[in-house]
Every structure is written in C-alpha cells, then in structure tokens.
Amino acid sequence: MLEVDCRGLVCPAPVIELGRRIGEVEVGGLVGVVASDAAARIDVPAWCRMTGQEYVGEEAADDGSPRYVVRRVS
Amino acid sequence: MRSPTLRTLSEPGPGLGGGSPGKSDRWGGRKVYFGGVSTETPGGEVEPARRVYLDSASGESLHPAARQAFAAALETAYADPRRLHHAGRSARLVLDNARAATAEALGVRPDEVTFVSSGTEAVHRGLLGLHRGAARTGARIVHTAVEHSAVLHAATWSGATTRAVAVDATGRVRLDDLDVTDATVVACQSANHEVGTVQPVAEVADLLDGASLFVDACASAGRLPLPERWSALAASAHKWGGPPGVGILVVRRGARWRDPFPEDDRAAEHERGFENVASVLASAAALQAVVADRDAENLRVHALVSWIRRVVGGIPDVEVVGDPSERLPHLVSFSCLYVDGEALVTELDRLGFEVASGSACTASTVEPSHVLAAMGALTHGNVRVSVGRDTTEDDVARFLDVLPGVVERLRARV
C-alpha cells in the first residue's frame, strides 16, 4: 500500500494529495491517506464516489492517526 | 378572508412633534457609523458595475413594504404596549395588528404567535419548551442529523440525552432510522438551510408515538406554506425581507409546552419581553407582501436555480448537493473538488459576487459542516448560492460566466 502522509494538513490538501498520487499505484492497488484533519473522514469517501474509485475503509496508523484506504479501480 | 390591513396610526403620540431629540450636539461623543465597507480590493481588479448578492438565504434585502411600515411605526409605536396610557395603547394596536397579520400569512392563530429577538431564540424556546412540557413522559431529544446548529446546541444545553436521525445522500431524513423511544420531542426542520432539501414533516408526524414535534421553519417560512401537525415552530423575519432581530415562535394551542426560561410578568402567555414593535410590524408587512407574490416569485427563482444547477453540474469534479426536485425554490449548494471554500468565496467576492460557504477549511480545529458530513457530501470547496427578490436573470448569467474560470484558476494555484 502506498502511504500518503497528510498529518497536519487541512482540507482540501489531503484530497489534493490523494488525487496527485493515486496514479502511482497499479489498477487494483491500495493508497492509504493518513490525515489528522476531521474533514478527510468525509472527503476521502466523497472523492472516491466522485472520481469512480473504491473506498475500502478506515484503520489506524501506528501512531493512532486515522488512515483512509482507497483502491484504484480505473 | 381579507388580510388585516397594517396600520401604524397616523396621529402622533403625546410628546411627539415638540423639540428635536435628534440634534447632533445633544449626545456628543462618538458618531454612529453609517457607511459601507470599502470597495477597493486587494487584487486590484476593477469592480463590476453592479455587485451581485447571492446570499438571500442568509438574509434577504429589506422589502420596501417593511421599510415603509418600520418608518411609520417608529413615530407612533415607541411606548410599552402593556401600559394603559395613550402611547402604550398606540403601541399595543400596532403590535396586535402585526400579530394578526403574521398569523394570517402563516396560517396559524394570533394567540399562538410570540415575537422574539431572532430565529435562534425562537428555536431555543420552541424546542426546549416542548422538552420541558413532556418531562414526565420522556427524557430524550431526537433530531435529524441536519438540523441548524441552534437546534443541536439547545439540545446539548438541555442536558437531556439526544439522538440524531440519519439522512440520505440528498439530506432527506431517513424515516427508517427514526427511533422515538423515550422521546419528549422530535425536531425536524421544514427544509434544510444549507442544501435546500425539503423534509417529509408530515411523515415524521405519523411516527411520533406521543412525542411532540418541533419544526425549525426558518429556511422556508414565507417562501413556502408551513407544514402541518407540529406542536411548536420557529421562523425568522430577515429570511423573507423583514428586518433582522425578529424571530417568530408559534406554539399550538393545547401543545405540551412550558416556558424553558425565567417567567416574565407580561400580559399573556405568548408575550415575552418588550417587543421590538416597529420591527415586528415591518416583519409582518414584508411577510404579507411576500406571501401574496410567492406563487409567481417561486416559479421565477426556481427556474434561476435550476439553471445554476444545470451549468454548475457540468463543471468537472463539481457535485451539486441536495434534492433536485423536493427543494427550496431559491437556493442551491455545490462542492468543488480540490478547492478551498473560503478561497472560492473570497475570489468570487473580489469579482463582485456574494455567496456563502458551508466549508470550514481554514483551521484544523474547525469541524466540517455537519450537514454535508451527514449526507456524505464533499465538505470542502462548498458554496451556497441563493437568489432573492432583487436577483435578475442577467445577474445569474454573469455569475455562471465567471464561475468555471474561478474554479479552474483556484485549482491551478495548488
């Protein structure tokens, strides 16, 4: 999984980073956005819906920060 | 039934007409500021000939009928309406007249109407009064997840346990998630203030199982008829072209409502504090005028908003949120991927277009809009556009001309 570290960044920066870097994984591959900004919990799934990617779910990174996992499907 | 004619009493009250309390040397000291903000902009671009106000959902411009009524009432209705002297009776007549006109325009009884200082206060009193009135039959306040923050804060302040009812992707309350166990009151707005979706209040009323229904109608009152079968309801005059500072609380006769705040030695149950009589009359005048014209005006603004929805929906990576058909006629909300909402508002303002944003991207401590979050809608890059009485087709055309370029430029900056 490609990890995109967005700790300390505020919206819309985490989603901008996700959009920039999704192309670095193959179709079927995973990207994990680690973000401290509360809006990412809503905006990462919304980004997936709007751009046709798959939202896999939320898990915790090693330091407890939420990690939002996305599968590239196109 | 003929509408009550709004009277302000043409005869001057005692003590009026002599002297001139308005002379500027009377008070001395600091001057009251009457000016507007500077139109010079940091970007240095030339302002367009006419600024375009697209935020009527926050505050509609004062209706000419309100202006006229306000000026007349200031002359005659300054005294305490509870006093028995001539000036007091003059104020009382104006107040009762405004109450009758307001009740008639809203389709309720005059003795159900209380004038308070804002929509927020009407929400607080309405919701908390129903909660208190049902204290023996329940302990919980239930509300939709997309209520105005005034409802959420009042519920929290009450100390009661609360439960939020989920909404679907359009912001419409999900009836299958409505659990009224142990509920004193269920709060369901008439329509959502951020995204415009009209709520199925009548269907909620079918599922109360003894709980009272509170309706925050601030977003729709005046523009749409009130829903039915609630116990208490809140409205706000500046949303329909009345002055700010007038909230309207309607408590149905027979509702289980007990004043949640300290008692007030006033003439009647439905009176609280010394009313802002001139503003209350202005509010009633605006409401009458708006209700009389609303069928045609709603068609006009509905078409303008449909046009905005269509064009905005065609901008890449922009999502129009809220129900496309079951909606308020005058507002639309949309979210733009990869754009900061505040930057959008600032750039549009620089170009002469005044819009609101539901996004809070400037500080990491600020929570995203709870309305957009509950819908699962993109919370950043959000803009709410609302057209009003003064908005023209040309205004909308110019807005739609500049918007795609603004979004594109802001995206290129990041």
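**Figure 1. Chain A of this predicted model holds 2 helices and 4 strands.** Read from the N terminus, the elements of chain A follow the order β-α-β-α-β-β. The radius of gyration of chain A is 11 Å. The globule rule gives a value close to that, 11 Å for 74 residues, so chain A is as compact as a globular protein of that length. The C-alpha trace of chain A spans about 30 × 25 × 20 Å along its principal axes. Of the 74 residues in chain A, 38% are buried. Take the contacts in chain A between residues at least 6 apart in sequence: 57% of them join residues at least 24 apart.

**Figure 2. Gln53(A) sits in a loop of chain A.** The loop lies between helix 2 (40-51) and strand 3 (54-60) of chain A. Is Gln53(A) buried or exposed? Gln53(A) counts as buried, because it has 20 C-beta neighbours inside 10 Å. Leaving aside residues up to four places away in sequence, Gln53(A) touches Ile22(A), Cys48(A), Val70(A), Arg71(A), Arg72(A) and Val73(A). Now look at Asp63(A). In sequence, Gln53(A) and Asp63(A) are 10 residues apart. In space, their C-alpha atoms are 27 Å apart.

**Figure 3. Chain A and chain B are in contact.** On one side of this contact are 16 residues of chain A, and on the other are 20 residues of chain B. The side of chain B that touches chain A has 11 nonpolar residues. The rest of that side is made up of 5 polar and 4 charged residues.

**Figure 4. Helix 3 of chain B packs with helix 4 of chain B.** Helix 3 covers residues 119-133 of chain B, and helix 4 covers residues 149-157. Two packed helices are described by the angle between their axes and the distance between the axes. For helix 3 and helix 4 of chain B, the angle is about 45 degrees and the axes are 9 Å apart. That angle makes helix 3 of chain B oblique to helix 4 of chain B. The crossing of these two helices of chain B is right-handed. Which residues of helix 3 of chain B meet helix 4 of chain B? They are Thr120(B), Val123(B), His124(B), Leu127(B) and Leu128(B). Their partners in helix 4 of chain B are Ala150(B), Val151(B), Ala154(B) and Ala155(B). By class, this contact has 7 nonpolar and 2 polar residues, and no charged residues.

**Figure 5. Helix 6 of chain B packs with helix 9 of chain B.** Helix 6 runs over residues 277-313 of chain B, and helix 9 over residues 393-413. Their axes are 11 Å apart, at an angle of about 10 degrees. That makes helix 6 of chain B roughly parallel to helix 9 of chain B. Helix 6 of chain B brings Leu304(B), Trp307(B), Ile308(B), Val311(B) and Val312(B) to the contact. Helix 9 of chain B brings Glu393(B), Val396(B), Leu400(B) and Leu403(B). The residues of this contact divide into 8 nonpolar, no polar and 1 charged.

**Figure 6. Helix 7 of chain B has buried residues.** This helix covers residues 341-350 of chain B. Its buried residues are Gly341(B), Ala343(B), Leu344(B), Val345(B), Glu347(B) and Leu348(B). What do the buried residues of helix 7 of chain B pack against? They pack against strand 10 (331-336), strand 11 (353-354), strand 12 (382-386) and helix 9 of chain B. Just after helix 7 of chain B comes Gly352(B), with a positive phi of about 100 degrees.

Notes
Residues are numbered from 1 along each chain as its sequence is written. Chains are lettered from A and ligands numbered from 1 in the order in which they are written. This is a predicted model: local features need pLDDT of at least 70, side-chain atom pairs count only at pLDDT 80 or more; totals for chains, interfaces and linings use all residues. Axes are lines fitted to C-alpha atoms, for helices over the stretch in contact, and angles run from 0 to 180 degrees between N-to-C directions. Angles under 35 degrees count as roughly parallel, over 145 as roughly antiparallel, 65 to 115 as roughly perpendicular and the rest as oblique. A crossing is left-handed if the near helix is turned anticlockwise from the far one by less than a right angle, and right-handed if clockwise. Two residues are in contact if their C-beta atoms, placed from the backbone, lie within 7 Å. Ala, Val, Leu, Ile, Met, Phe, Trp, Tyr, Cys and Pro count as nonpolar, Asp, Glu, Lys and Arg as charged, and the others, Gly among them, as polar. The radius of gyration is taken over C-alpha atoms; the globule rule is 2.2 Å times the number of residues to the power 0.38. A residue is buried if 20 or more other C-beta atoms lie within 10 Å of its own, exposed if 12 or fewer, and partly exposed in between; C-beta atoms are placed from the backbone.
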